[in-house]
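Subject: Handover of a structure and findings

Dear colleague,

Please find below the structure that I am handing over to you. My findings on it follow directly after the display.

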Amino acid sequence: MPPNPSADVVTRELRGKVLLVTIDHAPVNALSADVRRGLLAAIEAADADHAVEAVLIVGAGRNFIAGADIREFGKPPVPPSLPDVCNRIEACTKPVVAAIHGAALGGGLEVALAAHYRIAVDGAKLGLPEVQLGLLPGAGGTQRTPRLIGAAAALDLILSGRHAGAKEALALGLVDRLGSSGDILAEGLAYVHELLAAHAPVRRARDAAALDDGAADRAASLAAVATARAETAKKSRGLFSPLKIVEAVEAAIEQPFDEGLRLERKLFLQCIDSPQRAGLIHAFFAEREVLKAPETRNAKPRALDRIGVVGGGTMGAGIAVAVLDAGLPVTMIERDDESLARGRAHIEKVYDGLIAKGRLGAEKKADIMTRWSGSTSYDALADTDLVIEAVFEDLAVKQAVFAELDRVCKAGAVLATNTSYLDIDAIAASISRPADVIGLHFFSPANIMKLLEVVVPTQVKADVVATAFELAKKLRKTPVRAGVCDGFIGNRVLAVYRSAADAMMEDGASPYQIDAAVRAFGFPMGPFQVVDLAGGDIGWATRKRRAATRNPSARYVQIADRLCERGWFGQKTGRGFYLYPEGSRSGAPDPEVEAIIDAERARAGITPRTFTDEEIVRRYMAAMINEGANVVHEGIALRPLDVDVTFLYGYGFPRYRGGPMKYADTVGLPTILADIREFAKEDPLFWQASPLLVDLVERGADFASLNHTA
Ligand code: T1G
Ligand code: NAD
C-alpha cells in the first residue's frame, strides 16, 4: 500500500476487504489541502490494492465533513483541487460508500455525492450552503445533485443553502439508506458488507437519470430553472452568486456532465473573485469570533434556570417571549395589576399571531404560558438566577428598581439592565453588589432581533459576563461585548450617521432620496424609514435629554423636532417622515414634510443643493465607519469585527458587504479618510477623522489587521 501523505488528518485501514478511510481534522473535518491529498491517496491506494473490494469514508468527531476549508478562500489555490478529488472518488473501480453523521455540507456533501452509495444516521444535516458564503457548489454539486434528486429539488437546496435532515435526504434521494443506530462506523461497515454480498456495482451520480428520464422530465426541469431564475432575480437583492447557481444547474440539464463541470468551475471562480464572497466569509467568521469575549475564556457561567423581567412594555414583553421560546420559566414584575395584565397581553399577542399563521397550536401556547408568572411584588424574584430590567429610560426609576432587586434577589443572582443609553456604572454603583450588574441591550422586537449587546461595566465579575454570553446562547442571540458609553456600540454609531443624514437633508437632499440611496446600497430601510418604525418620540426624548450637554457650536438639525412637535412619530401615529394611510407599514412621501424641510432650510439660511446617490452613500458610510473606528479606538468595541457583527445583526447592514468596517477595508481606508477630510471643509467639528483611522492609513494597515482573537 503506497505511503499516506496526510496520515495526521486522513487515516486508512484495511478492515477485511474494506478500506476504511477516516477524516480526522478538527474541529469540523474541513477539506483542507492535507485532507484533499489524503483522500486522493486513499482512492489511488484502493484501486491499486487487490485486497480492497470496497471503500468506506467516514468522519471522526461530530461531523462527516463541513465543507471546503473556508479559510483557504481568497488565497492562492493549493492542489489537488476538490473537483479533481471528487472526480477521482467517482472514478474509483471499487464501490465507495460515504457514511454520514453530523454535518455533510458544501464540499462535504459533494464528496459524498462523488461516492457511489451513501448512508446517513439521525442527526445528520446535508446541504450545499455555499450561497451563504457568496459562492456556489464548486466540486460537482451543481451537476451531480440535479442528476440525483431532480432540478427543482436541487435548485431549492442550493439556492436556499438550507440543511436537510437524514429522513428528508433519503426521501430526496440524496442518500440511499438510513442507519438506525447512532454508531456511524458500524452502520457504514454493515452497509458496505451488504453491498459486497449483493455484488453491487460502482454507480456514478454523473450517470444518474433524474434529469432526463424522457422529454417530459426535461421540460419540467427547464421549467424549474425558468421559475428559479425569475424568483431569484426578484429576491436576491443584489446578491451575485444565486443567478450563477441557476445558470450552472441549467447546464446540468442542457450539457454533458464534463461540459457542465467546466461551466460550474468558471462560475465558481467568478464568485470567488466577487467582493461579496469576502464580505460573507468575513461575516461567517466574525459572528463566531464575537462569542469569544476575554471574560468567557476562564470564567464559568452561573446558573440560568429561572429568569425575571421587570417591566412588561415593548421590550420587557419581547424579552419574556425570547426567554419562553428558549424553554425557560420567566417571572414578570410590573408596577400595578393593569400594567401586568398589559404585559401578559403583549406576550400572548405574539403567540396568537403565530397561531393565526398556523405556526403554533393553541395547546402549545397554553403550555408555553404555564412557564410565565407575573407579580407586582418584587419578592416574587427571590429565587431567580438572572433578572433583566426593562422599565422607563430614566436613571432614577432604574436605580429604584435596582434597589428593590438588591433587597430581594438571592446572592449570586445576575442583575441586568436593558437600558439603551444610560450609564450602567451609575446603576451598578447605586447598590450593594455592583459586581453582579451587567447591561443586556436587546433590540426591538426583542424576541426576533438576534443582536444582544453585552455591556460590561467597570466593576462586573468575569463570571457575570460569562453568564450573559451563556444566556445569549440559550436565547439564540448573537452577543457582542461592549463597553459603557452613551449608546454603547450600535446606538452611538447610529446617532452619528443619523446626524450625517439629517445634515444632507437640511442641505438639500430629500429624506426620500436618502432612504432610496441607502436601500440601493443594500439596507432593508433608510434612516428616515427606521425612525418612523421605531417611533420618532424615542429619539426626540434622547435629544431633549442631551440638550443640556450638547456642544452649542455643533450643528443641530431641527427638522425631526418639527415633526415630533406635531405628534408625527411615524407608523404608530400614522405619519412621521412618511404618510401611513390606514395603518399601512409602507409609507408614502409627504409633501407637508417637504414643506417643513424647506421652511427649516430658510430658517437656517441654507440654499439647498443637489446630492447624487453616490455622494449620499459616501457621506453616510464615512460617518458610520469613522464613529465605528472611534468605538474601537476607545475600547468600547474589542475589534472592528465586533462593530461589523453589531451592524449585521442589529441594524440591517447588508451581510454581503461584511459590515461597515469590512466595507471600509474593501473601499480602502485612504479613500474613506480622504472623504472625511473633504467633508470636514464644510463642518470640521462633525467630521473629525478618528485617530485610529488616521493611524491605520499612516501605517498602510486596515481594520482587518486588528481583528485578532480578543
Ligand atoms: N472551514 C473552516 N472552518 C470551519 C468550517 C469550514 N468549512 N466550518 C466551521 N469551521 C470552524 C468555525 O469557524 C469554528 O471555528 C469551528 O469550525 C466550529 O464551527 C467547494 C465552496 C459545520 C454546522 O458553509 O455551518 O464547501 O470559532 O462554531 O455550531 O463547494 O460550522 O472554533 O475557531 O460553527 O457546531 C461550505 C460551514 C463551505 C459549513 C458546525 N460549508 N460550517 O456548527 O460549530 S464552502 C459550510 C457550519 C464549500 C465547495 C464549497 C458550521 C457547522 P472556531 P461552529 P457548530
Ligand atoms: P415601555 O414604556 O414600553 O415599557 C416600560 C414598562 O416599564 C412599562 O410597562 C411600565 O409600566 C414599566 N415600569 C415602569 N416603572 C416600573 C417599575 N418601577 N417597576 C416595574 N415596572 C415598571 O418602554 P420600552 O420601550 O419597553 O423600554 C424599556 C427599556 O428598554 C428602556 O430603558 C429603553 O431605553 C430600553 N430599550 C428600548 C428599545 C425600544 O426600541 N423600545 C430598544 C432597546 C432598549
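In what follows, a residue is called buried when its relative accessible area is under 20%, exposed when that area is over 50%, and partly exposed in between. Please note also that this is a predicted model.

By that scale, aspartate 486 is partly exposed, because its relative accessibility is 32%. The side chain of aspartate 486 forms a salt bridge with that of arginine 546, with N and O 3.1 Å apart. Arginine 546 belongs to helix α22 (residues 536–547), whereas aspartate 486 sits in the loop between β17 (478–483) and α19 (490–507), so the bridge ties together parts that are 60 residues apart in sequence. Arginine 546 is likewise partly exposed, at a relative accessible area of 25%.

A further salt bridge joins arginine 555 to aspartate 507, and here the closest N and O atoms are 2.6 Å apart. This pair links distant parts of the chain, 48 residues apart: arginine 555 is in the loop between α22 and α23 (559–565), and aspartate 507 is in helix α19. With a relative accessible area of 36%, arginine 555 is partly exposed, while aspartate 507 counts as buried at 17%.

Aspartate 463 and arginine 302 also meet through their side chains in a salt bridge, at 2.9 Å from N to O. Since aspartate 463 lies in helix α18 (residues 462–474) and arginine 302 in the loop between α12 (294–298) and β10 (307–310), the pair ties together parts that are 161 residues apart in sequence. Arginine 302 has a relative accessibility of 17% and therefore counts as buried.

The count of salt bridges in the model comes to 57. Some share partners: Glu90, Arg144, Arg206 and Asp258 are joined in this way into one network.

The axes of α28 (residues 669–680) and α29 (residues 691–698) come within 9 Å of each other and cross at roughly 130°. That angle makes α28 oblique to α29, and the crossing is left-handed. On the α28 side, the contact is made by Leu669, Pro670, Ile672, Leu673, Ile676 and Arg677; on the α29 side, by Leu693, Val694, Leu696 and Val697. Sorted by class, the residues of this contact are 9 nonpolar, no polar and 1 charged.

Yours sincerely

How values were computed
Residues are numbered from 1 along each chain as its sequence is written. Chains are lettered from A and ligands numbered from 1 in the order in which they are written. This is a predicted model: local features need pLDDT of at least 70, side-chain atom pairs count only at pLDDT 80 or more; totals for chains, interfaces and linings use all residues. Side-chain values use heavy atoms; hydrogens and water are left out. Axes are lines fitted to C-alpha atoms, for helices over the stretch in contact, and angles run from 0 to 180 degrees between N-to-C directions. Helices (H or I, at least four residues) and strands (E, at least two) are DSSP runs, numbered from the N terminus. Angles under 35 degrees count as roughly parallel, over 145 as roughly antiparallel, 65 to 115 as roughly perpendicular and the rest as oblique. A crossing is left-handed if the near helix is turned anticlockwise from the far one by less than a right angle, and right-handed if clockwise. Contact means heavy atoms within 4.5 Å. Ala, Val, Leu, Ile, Met, Phe, Trp, Tyr, Cys and Pro count as nonpolar, Asp, Glu, Lys and Arg as charged, and the others, Gly among them, as polar. A salt bridge is a side-chain nitrogen of Lys or Arg within 4 Å of a carboxyl oxygen of Asp or Glu. Buried means under 20% relative accessible area, exposed over 50%, partly exposed in between (1.4 Å probe, protein chains only).
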